[in-house]
Amino acid sequence: MIVATAGHIDHGKTALLAALTGVGGDHRREERERGMTIDLGYRYAALDAATTLGFIDVPGHEKFVHNMLAGAGGVDIALLVVAADDGVMPQTREHLAILGLLGIPRLWIVLTKTDRVDADRCETVETDVRRLLAASGYQDAPCFALSSHTGEGVDALREALARQAREVAARSDEGEFRLSVDRSFSVAGAGVVVTGTALAGRLSVGDSLWSEGEDGRARRLRVRGLHAQNRPGETATAGQRVALNLAGERLRPEHVPRGSWLVGEALRGSSRRLDVQLRVLEDAPRALSHWTPVHVHLGAQRLMGRVALLAGKALAPGEEGPAQLVLEGQVHAVHGDAVVLRDQSAWFTLGGGRVLDPQAPARGRRTPARLAELELLASGGLETTLTTRLETAHNGLAPDALVRQYNRPGALRQLPDGVRSVTTRRGERLFAEARWRALGQALTAALAAFHEQQPDEPGPDRARLRRFALAYLEPAVYTALVDEALAAGAIHASGPWLHLPDHRIRLSAEEDALKARLWPLLEAGGMDPPWVRDLARRENIDEARVRALLRKLSRMGQLHQVVRDLFYPAAAVEALAAEAMTLADSDTGLSVVAFRDRLGLGRKRCVQLLEYLDHVGVTRRFGNRRRIREESSMAQRLRTR
């Protein structure tokens, strides 16, 4: 169990911990000289062979509130220390507000220095503290009056803590390991050592962790040794104070400073944007307006950022709403993490909240759909919100991202009813069954609309169809949707063109009659068919009519347009490909010169024909020669003849 002190400067927090643990005094020279705790102090008390209490002494001076915040994460019980001779003071109020924002589950009142006052004064101070707690959620906090100097009342508090330690349920070690570094130093003969409270997961000696800091650089580190709750061991679990001896390439303490995060493989990936449900303290000096610069505290990390309010232009004291924190450095977070905001000068606490999305988007953050999703994220956990989120997710949700968002590695091994997995080129995506079916229906409806508007075209290619009706789909998701529709026979492909199964390009009676006049001339041309102008002149027809018909026949797959106004029948192109394959297999190889000599055509025409064979995937050019693409469907068909 982890216990932290909180309260105003000089109210006896350090002396209280010395009385409880038998380990006394401020542990740094400058702290002893100034008579105040500047940085975090840690002490331990062994209750029995298996149970050790970890105590965190946090500084009370207003200038060191950021140090207090660094040590408050992962605490089971907070002792709100109030000196009986002073009573409630400014840092008493601010520390209480911070404890509430961090969601510390239990708070006990400790009245210190009772040897300096009478019983009436103690009763008055306790009344004042309970009045302060009335609106905090800690109304039923027990109160312990004691004197660290005389020892009166200390045993009662120690015994109560021992009972509570036996009652506090062990934290679940589900998920990947997470630790926010609050101290980093070097030990002679051992190397770099970091400390912090394990927030999730389980860790063993020899495991690897990733270090993520504000600079965004990730380092892979190995755990050489560890202490948990001030005892050497082989494993550490969530809820324990942990010291880790780390190994890494040229690793120094400054590589993993306070505020760095140590995480397991599945949690890699920091960000500069967090979507949060933000609450402004009731006693905040002013409303929090959009784009206010703030200090953001998360775990032991502190960095500057701005508050982008997502619903409205300001949040008045006591109000809450969705917001995005736009940070000046990288931060690691998961859903549910507590954040605390202080003003730009770090003089007072403004408010705080809970992380909803640790990988918040830069665009579309205020759209109705996004705000609805944030409202849903604020209402529950992964399982309770997944199905509803998928109903409106056009591009589905990536399971890896969900694991990262919630730190729930095994949560999606068994998918809920009505949820399906789709494999895309960018990895797995989860979709609501109804949503995926609706996307398939939208695909076929888009093709039907295209055929109605362009009846003389075989259909759009993939890119054109996506632009036509499904531009909101990511390319990888769209490709998976099209591939599934093709496999199911819902749509067909003719070359690059997509179309409905019953769609055919049909010639009008006039076009059919014109084809009957022109087709014999094209076939008679063999390897050298007439140009459009020649066909039009011979049949005394307008060139535009001839060109329009030949292009339509090309879309139907009956002709190949090699260059503008030069069309080859499909059989002629296959004959050209066969000649090219013969040359490629010969000693001379497939070159422009060899192809020219083989066909008896001019060099320019042979270059055009070979470039067209390159274009349709039959050949591939290597310098002055070409090779046959054996994966080409035309090449495979010709080889089997």
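Arg627 lies over the face of Phe622, 4.6 Å from the ring centre. A charge sits over a ring if NZ of Lys or CZ of Arg is within 6 Å of the ring centre and within 35 degrees of the ring normal. Arg268 is placed over the ring of Trp210, with its charged end 3.6 Å from the centre.

The model is predicted: local features need pLDDT of at least 70, side-chain atom pairs count only at pLDDT 80 or more, and totals for chains, interfaces and linings use all residues. Residues are numbered from 1 along each chain as its sequence is written, and side-chain values use heavy atoms, without hydrogens and water.

A search of the whole structure gave three aromatic pairs. Rings of Phe, Tyr and Trp (its six-membered ring) pair if their centres lie within 6.5 Å; planes under 30 degrees apart count as stacked, over 60 as edge-to-face and the rest as tilted.

One of the pairs is Trp108 with Phe144, which is tilted, at 5.3 Å centre to centre and 35 degrees between the planes. This pair links distant parts of the chain, 36 residues apart: Trp108 is in strand S5 (residues 106–112) and Phe144 in strand S6 (residues 143–145). Strands (E, at least two residues) and helices (H or I, at least four) are DSSP runs, numbered from the N terminus. Trp108 and Phe144 are both buried. Buried means under 20% relative accessible area, exposed over 50%, and partly exposed in between (1.4 Å probe, protein chains only).

Phe450 and Phe468 form an edge-to-face pair, because their planes are at 85 degrees, with ring centres 5.6 Å apart. Phe450 belongs to helix H10 (residues 433–453) and Phe468 to helix H11 (residues 462–469). Phe450 is buried, at 2% relative accessible area. Phe468 is partly exposed, at 33%.
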